[in-house]
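Q: I have a model open and want to learn how to read its features one by one. Can we go through it together?

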Amino acid sequence: MTRTVSRVREVLGRSAVMLIIGVPLVLSAATAASAQQSAAKGRTVQGVWYVQVTIRDCATGGALAPAVHSLVTFAAGGTLHESVGGGGFAPGQRSDGHGNWTHKGGETYDQRFVSMINFATAPGPGPGFEAGWMKVRHTVTVIDADHIESAGTNSFYRLNGEVYRTGCSTATGTRFE
């Protein structure tokens, strides 16, 4: 009888150890499979995008300038890197943007990034900029596996942290393959 009880305890002990090890592995595999299915559908913002940004009048929605081209990377884990081409800035005046993104549900994401304005320029054909930084906030919608749209705001700050200009913008993007 003692031998049977010992054998039962041994089997139960092994089963508990297998459950402790096995359940996290199964859950991990299920999470990975779910992420792969989502990525396979292509309905995620994660990846690299060619983006065209249009600066808009916040009241009317009218375009204020030709579209600005940029390259945006939505990295795994929620970080974001943005490189702009032109946009009314003097060469070397604006740094790349760095920020984050979060999934809000369905095909909707929020993005936020900041970039440095390294030196001031006087108004000319464009509005002119002061040294400091700019922040951009957009809500992004994944249209299909290869297209996104977004809309949001931008704020420009002087070096002392004072906001000197705000605005609105929209964007469309095509996935880089």
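**Reading the barrel and its pocket**

Q: Which strands each supply at least two residues of the lining of the largest pocket?

A: They are β1 (47–56), β2 (68–74), β3 (79–85), β5, β6 (132–144), β7 (147–158) and β8 (163–175). Strands here are DSSP runs of E, at least two residues long, and helices are runs of H or I, at least four residues long, numbered from the N terminus. A pocket is defined on a 1 Å grid over the protein atoms alone, as an open set of points where a 1.4 Å probe fits, with protein on both sides within 12 Å along at least five of seven lines. Lining residues have an atom within 4 Å of a point.

Q: What should I know about the source of the coordinates?

A: This is a predicted model, where local features need pLDDT of at least 70, side-chain atom pairs count only at pLDDT 80 or more, and totals for chains, interfaces and linings use all residues. Residues are numbered from 1 along each chain as its sequence is written, and side-chain values use heavy atoms, with hydrogens and water left out.

Q: How much space lies in the largest pocket, and which residues are the closest to its centre?

A: A volume is the space filled by probe spheres set on the grid points, which are joined across faces, edges and corners. Here that gives about 740 Å³. The lining has 42 residues, and Val 53, Ile 55, Val 68, Asn 154 and Ser 169 are the closest to the centre.

Q: Which strand gives the most to that lining, and how does the lining split by class?

A: β8 gives the most, eight residues. For the classes, Ala, Val, Leu, Ile, Met, Phe, Trp, Tyr, Cys and Pro count as nonpolar, Asp, Glu, Lys and Arg as charged, and the others, Gly among them, as polar. The lining has 23 nonpolar, 13 polar and six charged residues.

Q: What is the overall fold pattern?

A: Along the sequence, the pattern is α-β-β-β-β-β-β-β-β. That is one helix and eight strands. The strands form a closed barrel with antiparallel pairing, in the order β1-β2-β3-β4-β5-β6-β7-β8. Neighbouring strands of this sheet are turned by 30° against each other on average, direction ignored. Axes are lines fitted to C-alpha atoms, for helices over the stretch in contact, and angles run from 0 to 180 degrees between N-to-C directions.

Q: How do I read the pairing of β1?

A: Strands of a sheet pair through backbone hydrogen bonds, either parallel or antiparallel. The criterion for a pair is at least two bridges found by DSSP. β1 and β2 are antiparallel over seven bridges, and β1 and β8 are antiparallel over eight bridges. Val 53 has Val 68 as its bridge partner in β2, while Thr 54 has Thr 170 in β8.

Q: Where do the hairpins take a positive phi?

A: The hairpin of β2 and β3 has four residues between the strands, and Gly 77 takes a positive phi near 90° there. Those two strands pair over six bridges, in the antiparallel sense. The hairpin of β4 and β5 has two residues between the strands, with a positive phi near 60° at Gly 106. β4 (residues 97–105) and β5 (residues 108–117) pair over seven bridges, and Gly 105 stands opposite Thr 108.

Q: Which face of β2 is covered?

A: In a regular strand the side chains alternate between the two faces of the sheet. In β2, Val 68, Ser 70, Val 72 and Phe 74 make the covered face, and His 69, Leu 71 and Thr 73 the uncovered one.

Q: Is Gly 173 buried or exposed?

A: Buried means under 20% relative accessible area, exposed over 50%, and partly exposed in between (1.4 Å probe, protein chains only). Gly 173 counts as buried because its relative accessibility is 4%. This glycine lies in β8. Its C-alpha is 5.0 Å from that of Ile 148, 25 residues away along the chain. Ile 148 lies in β7 and is buried, at 7%.

Q: How many residues does the largest nonpolar core have?

A: A nonpolar core is a set of buried Ala, Val, Leu, Ile, Met, Phe, Trp, Tyr and Cys residues joined through side-chain atoms within 4.5 Å. The largest has 21 residues, and Val 45 and Phe 74 have the most contacts inside it. β1, β2, β5, β6, β7 and β8 give two or more residues each, with the largest share, four residues, from β6.
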